[in-house]
Amino acid sequence: SFGLCLVGGSTAVNWRKPEDNFTGDQFESLKKVLEELVIKYPNARIVGHYELDENKTCPNFNIREYLLNEDIKGYKFQDGLTDEKDLQELENADND
């Protein structure tokens, strides 16, 4: 697995309260990094931390929706149809 982090994602008043407040520049940077990683790891699936750990909310935006709306060059799971079985496989692989 590979972890990416965007600075932000919480309210200004309470850092524990999730909020999708990322900038356009951050999303452009995310897309560029994801495209580089897809070249290096073509079989990798892009998921949010919240999809692997029910106690997490990050990245505080809907990854599947993001993938449906962004054209990540070379990403073969672009349709965002990573299902529960796929997520379980990822979680089990992380625990090995």
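## Basis of the values

The model is predicted, so local features need pLDDT of at least 70 and side-chain atom pairs count only at pLDDT 80 or more, while totals for chains, interfaces and linings use all residues. Residues are numbered from 1 along each chain as its sequence is written, and side-chain values use heavy atoms, with hydrogens and water left out.

## Overall architecture

The protein chain contains four helices and zero strands, and its elements follow the order α-α-α-α from the N terminus. Helices (H or I, at least four residues) and strands (E, at least two) are DSSP runs, numbered from the N terminus.

Of the 96 residues in the protein chain, 31% are buried. The accessibility classes are buried (under 20% relative accessible area), exposed (over 50%) and partly exposed (in between), with a 1.4 Å probe and protein chains only. The protein chain exposes about 7000 Å², and 50% of this comes from carbon and sulfur atoms. Accessible areas come from the Shrake-Rupley method with a 1.4 Å probe; for residues, only the protein chains shown count as cover. Among contacts (heavy atoms within 4.5 Å) with a separation of 6 or more in the protein chain, 50% are between residues 24 or more positions apart.

Leucine 6 belongs to the segment before α1 (24-40). Not counting residues up to four places away in sequence, leucine 6 touches Phe22, Gln26, Leu30 and Phe61. The C-alpha atom of leucine 6 is 7.4 Å from that of proline 59, although the two are 53 residues apart along the chain.

Glutamine 26 is part of helix α1 and is buried, at 18% relative accessibility. Its contacts, leaving aside neighbours within four places in sequence, are with Leu6 and Val7. The side chain of glutamine 26 also reaches the backbone oxygen of valine 7, at 2.7 Å.

## Cysteines

The structure has zero disulfides (pairs of cysteine sulfur atoms within 2.5 Å). Cysteine 5 is in no disulfide, and the nearest cysteine sulfur to it, that of cysteine 58, is 7.4 Å away. For cysteine 58, the closest cysteine sulfur is likewise that of cysteine 5, and the 7.4 Å between them is too far for a bond.

The accessibility class is exposed for cysteine 5, at 73% relative accessibility. Cysteine 58 is partly exposed, with a relative accessible area of 29%.

## Salt bridges

One joins lysine 31 to glutamate 70, with the closest N and O atoms 3.5 Å apart. Lysine 31 is in helix α1 and glutamate 70 is in the loop between α3 (63-69) and α4 (84-95), so this pair ties together parts 39 residues apart in sequence. Glutamate 70 is partly exposed, with a relative accessible area of 23%.

Arginine 64 and glutamate 51 form a salt bridge through their side chains, at 3.2 Å from N to O. Because arginine 64 lies in helix α3 and glutamate 51 in helix α2 (residues 49-52), the pair ties together parts that are 13 residues apart in sequence. Arginine 64 is partly exposed, with a relative accessible area of 30%, whereas glutamate 51 is buried at 15%.

Terms used:
A polar contact is a pair of N or O atoms within 3.5 Å; within protein, one must be able to donate a hydrogen and the other to accept it, and residues adjacent in sequence count only if both atoms are side-chain atoms. A salt bridge is a side-chain nitrogen of Lys or Arg within 4 Å of a carboxyl oxygen of Asp or Glu.
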